[in-house]
Amino acid sequence: MTAIWFIFALMTGLAVLALLWPMSRRPALAVPEGEARIATETGFYRDQLREIDRDAARGLLAAPEAEAARAEAARRLLRASRDPGRTAGAVGEPALRRRRAASAFALSTVPLVALLVYGIYGSPDLPARPQADRLAHAKAAGNDLAAAVAQIEAHLAKAPEDGRGWAVLAPVYLRVGRIEDAIKAYENSLRILGDDAGRLADYGEALVAADDGVVSAKSRDAFERALRQDPKAVKPQFYLARAAEQDGDRDKARTRYAALVAASPAEAPWLPMVRESLARLDGTPPPAANPAAGAAPATARAMSEEQRGMVRGMVEGLAQRLAEKGGTGEEWARLVRSYGVLGERARAEETLAKARGALGSDPGKLAPVEEVAREMGLGARAAP
């Protein structure tokens, strides 16, 4: 480390010296100095006097004009022969000193400022960590997933048009909560490999997670494209039904949910979530396994670890945003329902209390929250 700093300092010094050297040299003067300068000037004025005499003899100059020219040339000749004056170099010395000072200040400030900024914001004491060393360290620490992500990222940095690599990396990003990276990875895989029902459905799901559970126009387009690839795909049907529910089209949402239930086998893991959505639309209690006793809803049990991780990241992001900036009644209601989906009834009760406090006593704002509270069988609001 010391040797590197010494080399950097030496290189900086040589660069500064190379720039300062030509600027610090005195320019060559064409004007002679001392006695030689005086002799040159007096000789010039003597020649001028002789020229005036020749012009007067030829009749080119009138007598008064010739006399006035002789007097002016004689005065200059006398002044040049008596006043040694200062050389041109002496006259320019203050300017030269100022130029040297300005150059030295500017060229020495640049490396000093660079070193200062690097010392504050950089990591000069951090040892070098080649990629192989980082991967080995990650594996030694038991972080196989991080090592795998690092390996895939390194591969994609060299081969960015590897669609299969992006397709493999996208769900891993989603699993570890890197939703924006997952969206970009899905977009790259779709761009390179083309439309595929599974990838489109997963891409739409990642967009829903990024939008805090809202099925936006962009995610809806992805789900519709997935259904065109595979009309029986479950995930696009479910999210399009949720989109209809969010749009307020309860009949269309109920029809989509019912069709999904009818087409699904009895042991399908997504059936509890679909039936819960149907119950919510019909205003009946959700099919939960004794939530008062603290058991998780069937929906939460049916979700895979990847799904739970995605929902968890979405829920925590929404909770943080509502705590910091507040939100609408629909957003608070969505957060309460999300905790119910995860089987965290205590968190749902706590969020319900926060929503009531944040929204005040406005019935219009509280209506979505109170509706979700009734659906989930949460505590009723105390009478004023």
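A salt bridge here is a side-chain nitrogen of Lys or Arg within 4 Å of a carboxyl oxygen of Asp or Glu. By this rule the count comes to 14 salt bridges.

Before the details, some ground rules. This is a predicted model, with local features needing pLDDT of at least 70 and side-chain atom pairs counting only at pLDDT 80 or more, while totals for chains, interfaces and linings use all residues. Residues are numbered from 1 along each chain as its sequence is written, and side-chain values use heavy atoms, with hydrogens and water left out.

Confidence next. pLDDT is the predictor's confidence in each residue, from 0 to 100. The chain has a mean of 75, and 68% of its residues reach 70 or more. Over residues 288-296 the pLDDT is below 50, and this stretch has 8 contacts beyond near neighbours in sequence. A contact means heavy atoms within 4.5 Å.

Back to the salt bridges. Take Glu51 and Arg54: their side chains meet at 2.3 Å, N to O. Both lie in helix H2, residues 34-58, 3 residues apart, about one turn of the helix. Helices are DSSP runs of H or I, at least four residues, and strands are runs of E, at least two, numbered from the N terminus.

Asp251 and Arg254 pair at 3.3 Å, N to O. They sit 3 residues apart in helix H13, residues 250-263, so about one helical turn separates them. Asp251 is exposed at 56% relative accessibility. Arg254 is partly exposed at 26%. The cut-offs: buried is under 20% relative accessible area, exposed is over 50%, partly exposed is in between, with a 1.4 Å probe and protein chains only.

There is also a network of salt bridges, linking Glu153, Arg178 and Asp181.

Now helix H11, residues 217-229. Which residues does Ser219 touch there, beyond four places away in sequence? Ser219 lies in this helix and touches Gly204, Leu207, Val208 and Val214. Ser219 is buried, at 0% relative accessibility. In the same helix H11, Asp221 and Arg225 are 4 residues apart, and their side chains meet in a salt bridge at 3.6 Å, N to O.

Another serine: Ser277, in helix H14, residues 271-282. Ser277 is buried at 2%. Leaving out residues up to four places away, Ser277 touches Phe238 and Tyr257.

Last, the record. In the model, residues 163-196 are 82% helix and 0% strand, with end C-alpha atoms 12 Å apart.
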